[in-house]
Amino acid sequence: MKYKIILIATALIVIAAGAYFYVNRKTQSLTESNADYKISAIKFLEEYSSDQVLSDKKYLGKIIQVDGNLKGIEKDEKGFLTFVLGDLTSMSSVRCSIDTTVVFDESTYPVGTAVSLKGECTGFNADDLGLGADIVLNRSVIIQNKN
Amino acid sequence: MKKILLVAIALFLGASTNAQDKYFTKNGTITFDATTSTSPEKVAAVNKSVTCVLDSKTGNTQFSVLMKGFEFEQALMREHFHENYLESEKFPKALFKGQIINPSQINYSKNGNYDVTVKGQLTMHGLTKDVETNGKVSVNNGKISIASKFSVLLNDYGIEVPRLVSDKVAKSASIKVDCSLQVLGN
(Lines give C-alpha, C1' and ligand atoms only; values in the text may rest on other atoms or scores of the structure.)
Protein backbone atom coordinates (compact mmCIF):
# COMPACT_ATOMS: atom_id res chain seq x y z
CA MET A 1 0.00 0.00 0.00
CA LYS A 2 2.80 2.35 1.04
CA TYR A 3 4.74 1.56 -2.16
CA LYS A 4 1.62 2.20 -4.22
CA ILE A 5 1.21 5.68 -2.68
CA ILE A 6 4.89 6.48 -3.26
CA LEU A 7 4.63 5.25 -6.86
CA ILE A 8 1.52 7.33 -7.60
CA ALA A 9 3.01 10.42 -5.90
CA THR A 10 6.24 10.04 -7.92
CA ALA A 11 4.28 9.61 -11.16
CA LEU A 12 2.20 12.72 -10.38
CA ILE A 13 5.34 14.77 -9.64
CA VAL A 14 6.97 13.62 -12.90
CA ILE A 15 3.81 14.43 -14.91
CA ALA A 16 3.46 17.86 -13.23
CA ALA A 17 7.13 18.68 -13.83
CA GLY A 18 6.88 17.56 -17.47
CA ALA A 19 3.73 19.66 -18.00
CA TYR A 20 5.38 22.67 -16.35
CA PHE A 21 8.46 22.48 -18.60
CA TYR A 22 6.32 21.82 -21.70
CA VAL A 23 4.12 24.87 -21.06
CA ASN A 24 6.98 27.19 -20.09
CA ARG A 25 9.57 26.18 -22.69
CA LYS A 26 11.17 29.13 -24.43
CA THR A 27 11.49 29.60 -28.18
CA GLN A 28 14.86 28.04 -29.00
CA SER A 29 17.68 29.55 -31.02
CA LEU A 30 18.07 27.95 -34.46
CA THR A 31 21.84 27.51 -34.03
CA GLU A 32 21.55 23.79 -33.31
CA SER A 33 18.53 23.14 -35.56
CA ASN A 34 18.86 21.30 -38.84
CA ALA A 35 17.68 23.13 -41.95
CA ASP A 36 14.61 21.63 -43.65
CA TYR A 37 15.79 23.04 -47.00
CA LYS A 38 19.06 24.42 -48.38
CA ILE A 39 18.72 26.80 -51.31
CA SER A 40 20.41 29.77 -52.98
CA ALA A 41 18.82 33.20 -52.49
CA ILE A 42 18.28 33.63 -56.23
CA LYS A 43 16.66 30.19 -56.71
CA PHE A 44 14.51 30.80 -53.59
CA LEU A 45 13.22 34.09 -55.04
CA GLU A 46 12.58 32.46 -58.41
CA GLU A 47 10.50 29.71 -56.80
CA TYR A 48 8.43 32.13 -54.73
CA SER A 49 7.93 34.53 -57.66
CA SER A 50 6.68 31.74 -59.93
CA ASP A 51 4.22 30.18 -57.45
CA GLN A 52 3.65 31.78 -54.08
CA VAL A 53 0.93 29.38 -52.91
CA LEU A 54 3.00 26.29 -53.65
CA SER A 55 6.12 27.86 -52.13
CA ASP A 56 4.23 28.82 -48.97
CA LYS A 57 3.09 25.20 -48.63
CA LYS A 58 6.67 24.03 -49.01
CA TYR A 59 8.61 26.63 -47.05
CA LEU A 60 6.34 28.55 -44.62
CA GLY A 61 7.40 27.96 -41.02
CA LYS A 62 10.29 25.73 -42.14
CA ILE A 63 13.95 26.28 -41.33
CA ILE A 64 15.80 27.33 -44.46
CA GLN A 65 19.53 27.55 -45.08
CA VAL A 66 19.99 30.24 -47.71
CA ASP A 67 23.22 31.00 -49.55
CA GLY A 68 23.84 34.20 -51.43
CA ASN A 69 25.66 37.46 -51.86
CA LEU A 70 25.21 40.09 -49.20
CA LYS A 71 23.46 43.22 -50.51
CA GLY A 72 23.75 44.97 -47.19
CA ILE A 73 23.14 44.85 -43.45
CA GLU A 74 20.28 47.04 -42.23
CA LYS A 75 19.99 48.21 -38.66
CA ASP A 76 16.75 49.73 -37.41
CA GLU A 77 16.47 52.35 -34.66
CA LYS A 78 16.11 49.66 -31.97
CA GLY A 79 19.30 47.96 -33.17
CA PHE A 80 17.61 44.95 -34.81
CA LEU A 81 19.69 43.69 -37.73
CA THR A 82 18.68 42.32 -41.12
CA PHE A 83 21.01 40.63 -43.63
CA VAL A 84 19.77 41.35 -47.16
CA LEU A 85 20.77 38.65 -49.69
CA GLY A 86 20.35 38.31 -53.42
CA ASP A 87 21.29 39.74 -56.78
CA LEU A 88 22.99 43.10 -56.22
CA THR A 89 21.34 44.56 -59.33
CA SER A 90 17.80 43.50 -58.37
CA MET A 91 15.37 45.13 -55.93
CA SER A 92 14.16 41.71 -54.78
CA SER A 93 15.87 40.06 -51.82
CA VAL A 94 15.87 37.40 -49.17
CA ARG A 95 15.75 39.37 -45.93
CA CYS A 96 17.15 37.56 -42.89
CA SER A 97 16.10 39.14 -39.61
CA ILE A 98 18.95 38.27 -37.26
CA ASP A 99 18.30 36.54 -33.92
CA THR A 100 19.03 39.02 -31.12
CA THR A 101 21.37 36.51 -29.47
CA VAL A 102 23.71 36.47 -32.49
CA VAL A 103 26.96 38.39 -31.99
CA PHE A 104 29.21 39.20 -34.96
CA ASP A 105 31.59 41.79 -36.32
CA GLU A 106 29.74 43.79 -39.01
CA SER A 107 33.02 44.93 -40.57
CA THR A 108 33.75 41.35 -41.70
CA TYR A 109 30.63 41.39 -43.88
CA PRO A 110 31.13 43.94 -46.68
CA VAL A 111 28.62 44.18 -49.53
CA GLY A 112 29.11 41.32 -52.01
CA THR A 113 30.36 38.81 -49.41
CA ALA A 114 29.09 35.27 -50.00
CA VAL A 115 27.18 34.33 -46.86
CA SER A 116 25.11 31.47 -45.58
CA LEU A 117 22.33 31.94 -43.04
CA LYS A 118 19.69 29.77 -41.45
CA GLY A 119 16.28 31.11 -40.44
CA GLU A 120 12.56 30.39 -40.24
CA CYS A 121 10.64 31.30 -43.39
CA THR A 122 7.81 33.71 -42.54
CA GLY A 123 6.64 34.27 -46.11
CA PHE A 124 6.84 36.36 -49.22
CA ASN A 125 5.93 39.94 -50.04
CA ALA A 126 5.30 40.22 -53.78
CA ASP A 127 6.33 43.45 -55.48
CA ASP A 128 2.92 45.11 -54.95
CA LEU A 129 4.32 48.34 -53.54
CA GLY A 130 7.12 49.00 -56.03
CA LEU A 131 9.75 48.04 -53.44
CA GLY A 132 10.88 44.74 -54.96
CA ALA A 133 9.73 41.31 -53.83
CA ASP A 134 11.05 39.86 -50.58
CA ILE A 135 11.23 36.57 -48.75
CA VAL A 136 11.60 37.06 -45.01
CA LEU A 137 13.47 34.70 -42.70
CA ASN A 138 13.12 35.21 -38.95
CA ARG A 139 15.41 34.33 -36.02
CA SER A 140 18.26 33.95 -38.50
CA VAL A 141 21.73 32.79 -37.49
CA ILE A 142 24.92 33.11 -39.52
CA ILE A 143 26.31 29.75 -40.57
CA GLN A 144 29.61 30.87 -42.02
CA ASN A 145 31.40 33.60 -43.83
CA LYS A 146 32.36 31.91 -47.08
CA ASN A 147 35.10 34.38 -48.04
CA MET B 1 17.51 69.35 -79.66
CA LYS B 2 17.16 71.97 -76.92
CA LYS B 3 13.48 71.10 -76.62
CA ILE B 4 14.23 67.41 -76.16
CA LEU B 5 16.78 68.24 -73.45
CA LEU B 6 14.29 70.51 -71.65
CA VAL B 7 11.59 67.83 -71.79
CA ALA B 8 14.08 65.23 -70.49
CA ILE B 9 15.08 67.51 -67.59
CA ALA B 10 11.43 68.25 -66.79
CA LEU B 11 10.60 64.51 -66.81
CA PHE B 12 13.59 63.75 -64.58
CA LEU B 13 12.63 66.47 -62.09
CA GLY B 14 9.03 65.27 -62.11
CA ALA B 15 10.12 61.71 -61.40
CA SER B 16 12.44 62.86 -58.59
CA THR B 17 9.66 64.82 -56.93
CA ASN B 18 7.33 61.81 -57.07
CA ALA B 19 9.94 59.51 -55.53
CA GLN B 20 10.56 61.97 -52.72
CA ASP B 21 6.85 62.07 -51.90
CA LYS B 22 6.99 58.45 -50.83
CA TYR B 23 8.57 56.96 -47.74
CA PHE B 24 8.95 53.33 -46.82
CA THR B 25 10.41 50.71 -44.52
CA LYS B 26 10.77 46.95 -44.58
CA ASN B 27 11.86 46.84 -40.93
CA GLY B 28 8.80 48.27 -39.21
CA THR B 29 7.69 46.94 -35.83
CA ILE B 30 4.21 45.83 -34.79
CA THR B 31 3.50 44.59 -31.29
CA PHE B 32 0.47 42.45 -30.51
CA ASP B 33 -0.66 42.28 -26.90
CA ALA B 34 -3.65 40.31 -25.62
CA THR B 35 -2.63 40.11 -21.96
CA THR B 36 -5.35 40.22 -19.31
CA SER B 37 -5.09 40.70 -15.55
CA THR B 38 -5.50 36.91 -15.17
CA SER B 39 -2.92 35.92 -17.81
CA PRO B 40 -0.14 33.91 -16.12
CA GLU B 41 2.36 35.32 -18.67
CA LYS B 42 2.41 38.23 -21.10
CA VAL B 43 0.40 37.24 -24.18
CA ALA B 44 2.49 39.44 -26.44
CA ALA B 45 4.38 39.10 -29.70
CA VAL B 46 6.51 41.33 -31.87
CA ASN B 47 7.00 41.44 -35.63
CA LYS B 48 10.13 43.31 -36.73
CA SER B 49 9.79 42.89 -40.50
CA VAL B 50 6.74 44.97 -41.33
CA THR B 51 6.63 46.65 -44.74
CA CYS B 52 5.08 50.10 -44.86
CA VAL B 53 4.72 52.73 -47.58
CA LEU B 54 3.52 56.27 -46.96
CA ASP B 55 2.70 58.74 -49.71
CA SER B 56 3.20 62.12 -48.08
CA LYS B 57 1.27 63.95 -50.78
CA THR B 58 -1.93 61.91 -50.74
CA GLY B 59 -1.65 60.47 -47.23
CA ASN B 60 -2.08 56.95 -48.63
CA THR B 61 -0.61 54.40 -46.26
CA GLN B 62 -0.13 50.70 -46.72
CA PHE B 63 1.17 48.00 -44.39
CA SER B 64 2.01 44.40 -45.18
CA VAL B 65 2.57 42.03 -42.27
CA LEU B 66 3.70 38.41 -42.55
CA MET B 67 1.87 36.66 -39.71
CA LYS B 68 4.57 34.02 -39.17
CA GLY B 69 6.88 36.92 -38.36
CA PHE B 70 5.26 37.39 -34.93
CA GLU B 71 7.71 36.16 -32.32
CA PHE B 72 6.81 35.05 -28.82
CA GLU B 73 9.11 34.34 -25.92
CA GLN B 74 7.17 31.21 -25.05
CA ALA B 75 7.16 28.42 -27.61
CA LEU B 76 3.73 27.04 -26.67
CA MET B 77 2.09 30.47 -26.93
CA ARG B 78 3.72 30.88 -30.34
CA GLU B 79 2.36 27.52 -31.51
CA HIS B 80 -1.16 28.33 -30.33
CA PHE B 81 -1.07 31.81 -31.92
CA HIS B 82 -0.02 30.52 -35.34
CA GLU B 83 -1.75 27.15 -35.44
CA ASN B 84 -4.99 27.65 -33.53
CA TYR B 85 -5.88 31.34 -33.37
CA LEU B 86 -4.44 33.22 -36.38
CA GLU B 87 -4.01 30.12 -38.57
CA SER B 88 -0.92 31.72 -40.07
CA GLU B 89 -0.38 29.03 -42.72
CA LYS B 90 -3.91 29.49 -44.09
CA PHE B 91 -3.80 33.30 -43.79
CA PRO B 92 -0.08 34.17 -44.08
CA LYS B 93 -0.47 37.91 -44.43
CA ALA B 94 -2.29 40.85 -42.82
CA LEU B 95 -2.77 44.00 -44.87
CA PHE B 96 -3.78 47.54 -44.03
CA LYS B 97 -4.69 49.99 -46.76
CA GLY B 98 -5.70 53.42 -45.63
CA GLN B 99 -5.23 57.10 -45.72
CA ILE B 100 -4.18 59.88 -43.40
CA ILE B 101 -7.26 62.07 -43.60
CA ASN B 102 -5.44 65.30 -42.81
CA PRO B 103 -2.14 64.93 -44.74
CA SER B 104 -1.78 68.65 -45.45
CA GLN B 105 -1.30 69.33 -41.72
CA ILE B 106 2.06 67.56 -41.77
CA ASN B 107 5.05 69.64 -42.76
CA TYR B 108 7.63 67.08 -43.83
CA SER B 109 10.36 69.72 -43.98
CA LYS B 110 9.82 70.99 -40.42
CA ASN B 111 10.72 69.08 -37.26
CA GLY B 112 7.75 68.17 -35.11
CA ASN B 113 5.22 65.59 -33.97
CA TYR B 114 2.04 65.72 -35.98
CA ASP B 115 -1.18 64.10 -34.75
CA VAL B 116 -3.00 62.33 -37.52
CA THR B 117 -6.15 60.30 -38.05
CA VAL B 118 -5.88 57.26 -40.26
CA LYS B 119 -8.84 55.57 -41.87
CA GLY B 120 -8.71 52.37 -43.84
CA GLN B 121 -9.31 48.67 -44.07
CA LEU B 122 -7.49 45.97 -42.17
CA THR B 123 -7.48 42.46 -43.58
CA MET B 124 -6.48 39.76 -41.14
CA HIS B 125 -7.37 36.08 -40.78
CA GLY B 126 -9.16 36.33 -44.13
CA LEU B 127 -11.61 39.04 -43.01
CA THR B 128 -11.59 42.75 -43.86
CA LYS B 129 -12.89 45.42 -41.50
CA ASP B 130 -12.90 49.22 -41.47
CA VAL B 131 -10.44 50.73 -39.02
CA GLU B 132 -10.06 54.32 -37.86
CA THR B 133 -7.33 55.26 -35.45
CA ASN B 134 -5.17 58.11 -34.26
CA GLY B 135 -1.45 58.15 -34.79
CA LYS B 136 1.59 60.35 -34.90
CA VAL B 137 3.92 61.30 -37.73
CA SER B 138 7.26 62.59 -36.45
CA VAL B 139 9.73 64.59 -38.48
CA ASN B 140 13.22 64.86 -37.06
CA ASN B 141 15.93 66.36 -39.27
CA GLY B 142 14.56 64.67 -42.37
CA LYS B 143 13.87 61.37 -40.61
CA ILE B 144 10.21 60.38 -40.75
CA SER B 145 8.66 57.98 -38.29
CA ILE B 146 5.08 56.92 -37.70
CA ALA B 147 3.48 55.48 -34.60
CA SER B 148 0.01 54.36 -33.66
CA LYS B 149 -1.76 52.29 -31.05
CA PHE B 150 -5.21 50.82 -31.49
CA SER B 151 -7.30 47.83 -30.49
CA VAL B 152 -8.88 45.09 -32.53
CA LEU B 153 -11.63 42.78 -31.36
CA LEU B 154 -10.43 39.24 -32.08
CA ASN B 155 -14.04 38.22 -32.70
CA ASP B 156 -14.33 40.77 -35.55
CA TYR B 157 -11.68 38.81 -37.44
CA GLY B 158 -13.11 35.38 -36.67
CA ILE B 159 -10.32 34.60 -34.22
CA GLU B 160 -11.69 32.19 -31.66
CA VAL B 161 -10.07 31.64 -28.29
CA PRO B 162 -10.98 28.31 -26.63
CA ARG B 163 -13.17 28.62 -23.55
CA LEU B 164 -10.50 26.94 -21.41
CA VAL B 165 -8.16 29.93 -21.80
CA SER B 166 -10.71 32.64 -22.62
CA ASP B 167 -10.07 34.54 -19.37
CA LYS B 168 -6.30 34.46 -20.00
CA VAL B 169 -6.40 35.98 -23.49
CA ALA B 170 -7.95 39.43 -23.98
CA LYS B 171 -10.94 39.66 -26.32
CA SER B 172 -9.52 42.93 -27.61
CA ALA B 173 -5.85 42.91 -28.62
CA SER B 174 -3.73 46.02 -28.43
CA ILE B 175 -1.76 46.70 -31.63
CA LYS B 176 1.24 49.05 -31.50
CA VAL B 177 2.80 50.26 -34.73
CA ASP B 178 6.25 51.80 -34.88
CA CYS B 179 8.01 52.50 -38.21
CA SER B 180 11.05 54.60 -39.11
CA LEU B 181 10.76 55.46 -42.79
CA GLN B 182 13.22 56.37 -45.50
CA VAL B 183 12.70 58.14 -48.77
CA LEU B 184 11.68 55.77 -51.55
CA GLY B 185 14.36 55.76 -54.20
CA ASN B 186 17.29 56.31 -51.84
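How many residues of chain B are in contact with residues of chain A? In this predicted model, 23 residues of chain B are in contact with 23 residues of chain A, where contact is taken to be C-beta atoms, placed from the backbone, that lie within 7 Å. Residues are numbered from 1 along each chain as its sequence is written, while chains are lettered from A and ligands numbered from 1 in the order in which they are written. Because the model is predicted, local features need pLDDT of at least 70 and side-chain atom pairs count only at pLDDT 80 or more, whereas totals for chains, interfaces and linings use all residues.

Let us begin with the side of chain B that touches chain A. Two or more residues each come from strand E1 (22–35), strand E2 (44–55), strand E3 (60–66) and helix H2 (75–85) of chain B; helices (H or I, at least four residues) and strands (E, at least two) are DSSP runs, numbered from the N terminus. Of these elements, E2(B) gives the most, with 4 residues. By residue type, this side of chain B divides into 7 nonpolar, 8 polar and 8 charged residues. Here Ala, Val, Leu, Ile, Met, Phe, Trp, Tyr, Cys and Pro count as nonpolar, Asp, Glu, Lys and Arg as charged, and the others, Gly among them, as polar.

Turning to chain A, there are 3 helices and 6 strands, and from the N terminus on they follow the order α-β-α-α-β-β-β-β-β. The radius of gyration of chain A (over C-alpha atoms) is 21 Å, well over the 15 Å of the globule rule for 147 residues, so the chain is more spread out than a compact globule; that rule is 2.2 Å times the number of residues to the power 0.38. Along the principal axes, the C-alpha atoms of chain A fill a box of roughly 75 × 35 × 30 Å.

Of the 147 residues of chain A, 31% count as buried, that is, with 20 or more other C-beta atoms, placed from the backbone, within 10 Å of their own. Strand E3 (residues 81–85) of chain A has 4 of its 5 residues buried, so it is largely enclosed by the rest of the structure. E3(A) pairs (at least two DSSP bridges) with strand E2 (residues 63–75) of chain A in the antiparallel sense over 5 bridges, and A:Ile73 stands opposite A:Phe83. In this hairpin, with 5 residues between the strands, A:Gly79 takes a positive phi near 95 degrees. E3(A) is also joined by 4 bridges to strand E4 (residues 93–98) of chain A, again antiparallel, with A:Leu85 opposite A:Val94.

Terms used:
Two residues are in contact if their C-beta atoms, placed from the backbone, lie within 7 Å. A residue is buried if 20 or more other C-beta atoms lie within 10 Å of its own, exposed if 12 or fewer, and partly exposed in between; C-beta atoms are placed from the backbone.
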